[in-house]
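Dear colleague,

Please find the structure below, together with its sequence.

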Amino acid sequence: MLSIRFEQAKSLKAKPEDDKLGFGKYFTDYMFMMNYTAGKGWYDPRIVPYGPLVLDPACVVFHYAQEMFEGLKAYRVEKTGQIQLFRPDKNIERLNRTNKRMCIPQMPPEDVLQAIKELVRVERDWVPHSVGTSLYIRPFIIATDVHLGVHPSKNYLFCIILSPVGSYYAAGINPVKIIVESEYVRAVRGGTGFAKVGGNYAASLIGQEKAEELGYAQVLWLDGIEHKYIDEVGAMNVFFVINQEVVTPTLEKGNILPGVTRASCIDMLRSKGYTVSERKVSIDEVVEAAHTGTPNEAFGSGTAAVISPIGELNVNGEKIIINKNEIGPISQMLYDNLTGIQWGRIPDTFHWIEPVC
Ligand SMILES: *Cc1c(COP(=O)(O)O)cnc(C)c1O
């Protein structure tokens with residue numbers, strides 16, 4: 001058990017209106033922080049007023065990007081007002097897998113969970129009430145050694161910040177347009193694709209910028225070796241429904257981020273009797289299927305939007321329209337069931353919910 005010290009803020013911020021929230025624009029009054037020093041371990045857990053960090057410009061994180069992050073949400077149950085998390089244990093397991101890859105020390109899972117829950121409890125009034133809104137939780141770790149030599153840092157800062165976020169689908173679920181990236185790659189076997197790190201995003205920005213210029217919401221990344229197999233979409237994992245099979249790229253090669261939403265989709269689908277295959281999916285298979293009338297559905301999965309139906313896929317200039325650019329029955333089923341459990345509208349038969357307060 002951490003003994004978390006609390007530092008009172010001098011004044012509290014005005015909370016934004018639910019319909020102005022957007023994503024990651026507003027931050028709450030407090031943040032959690034804890035330090036690490038080699039030989040000493042993690043120490044000084046504290047909840048302190050949200051504010052700027054003062055760091056030496058020679059900190060390792062600024063130069064060699066030794067850092068990691070996580071992303072999950074706290075949801076308010078409409079009927080009871082209870083605040084709850086969705087599978088935080090999965091995020092914490094992933095945090096430690098990311099840490100291992102990045103030479104960042106492991107964290108006791110129960111301490112991370114305690115820190116998240118305590119901070120959310122302190123900030124419970126920041127969990128918005130409107131349908132589809134939530135409190136986004138962003139834990140992250142940065143390397144704080146002050147030196148320019150290339151070594152794993154001996155000092156780290158672990159932080160958790162909170163941001164109330166709006167409904168992703170204020171105007172109903174609209175299928176997104178996705179473009180296959182033909183030039184750049186995001187991750188390769190042996191690299192950091194499976195780790196949730198800023199560097200992966202830094203490498204993806206150029207593709208994202210190109211996609212946006214062409215009027216597409218996000219990029220579909222292909223594997224970095226053969227440029228043939230589908231990896232994932234921007235900040236989402238991807239699923240296709242081809243004939244009667246639901247397929248999603250396998251995590252085996254270590255170049256895809258193992259999404260908590262992805263895992264939950266697979267469990268949910270199997271529990272409802274669908275056949276789900278985690279396997280290699282080539283872009284050619286998807287194009288070919290499109291020419292013969294399938295894929296019937298394609299969608300992305302991630303904490304932010306839960307399920308994002310894909311209405312158009314641009315493959316080297318060929319525009320493939322999927323399911324008449326409408327949300328399909330499997331996407332809708334997953335969306336309704338996952339959000340139903342997250343916001344406490346349907347019973348949590350999977351035991352995915354962690355109550356906070
Ligand atoms: C976080 C993330 C996802 C989605 O993971 P969830 O745990 O479902 O939110 C997918 N791809 C990338 C690259 C990510 O960073």
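A polar contact is a pair of N or O atoms within 3.5 Å; within protein, one must be able to donate a hydrogen and the other to accept it, and residues adjacent in sequence count only if both atoms are side-chain atoms. The model is predicted, so local features need pLDDT of at least 70 and side-chain atom pairs count only at pLDDT 80 or more, while totals for chains, interfaces and linings use all residues. Residues are numbered from 1 along each chain as its sequence is written, and side-chain values use heavy atoms, leaving out hydrogens and water.

A polar atom of the Gln66 side chain lies 3.2 Å from the backbone oxygen of Cys103. The side chain of Gln66 also makes a polar contact with that of Tyr156, at 2.8 Å.

An automatic or database domain assignment divides the protein into domain 1 (5-166) and domain 2 (176-342). Their C-alpha centres lie 27 Å apart. Between them the domains bury about 1800 Å², 60% of it on carbon and sulfur atoms; buried area is the accessible area (1.4 Å probe) that two parts lose on being put together, summed over both. In domain 1, Phe86, Arg94 and Arg101 lose the most area to domain 2.

One salt bridge (a side-chain nitrogen of Lys or Arg within 4 Å of a carboxyl oxygen of Asp or Glu) is found across this interface. Arg87 forms a salt bridge with Asp267, with the closest N and O atoms 3.8 Å apart.

Yours sincerely
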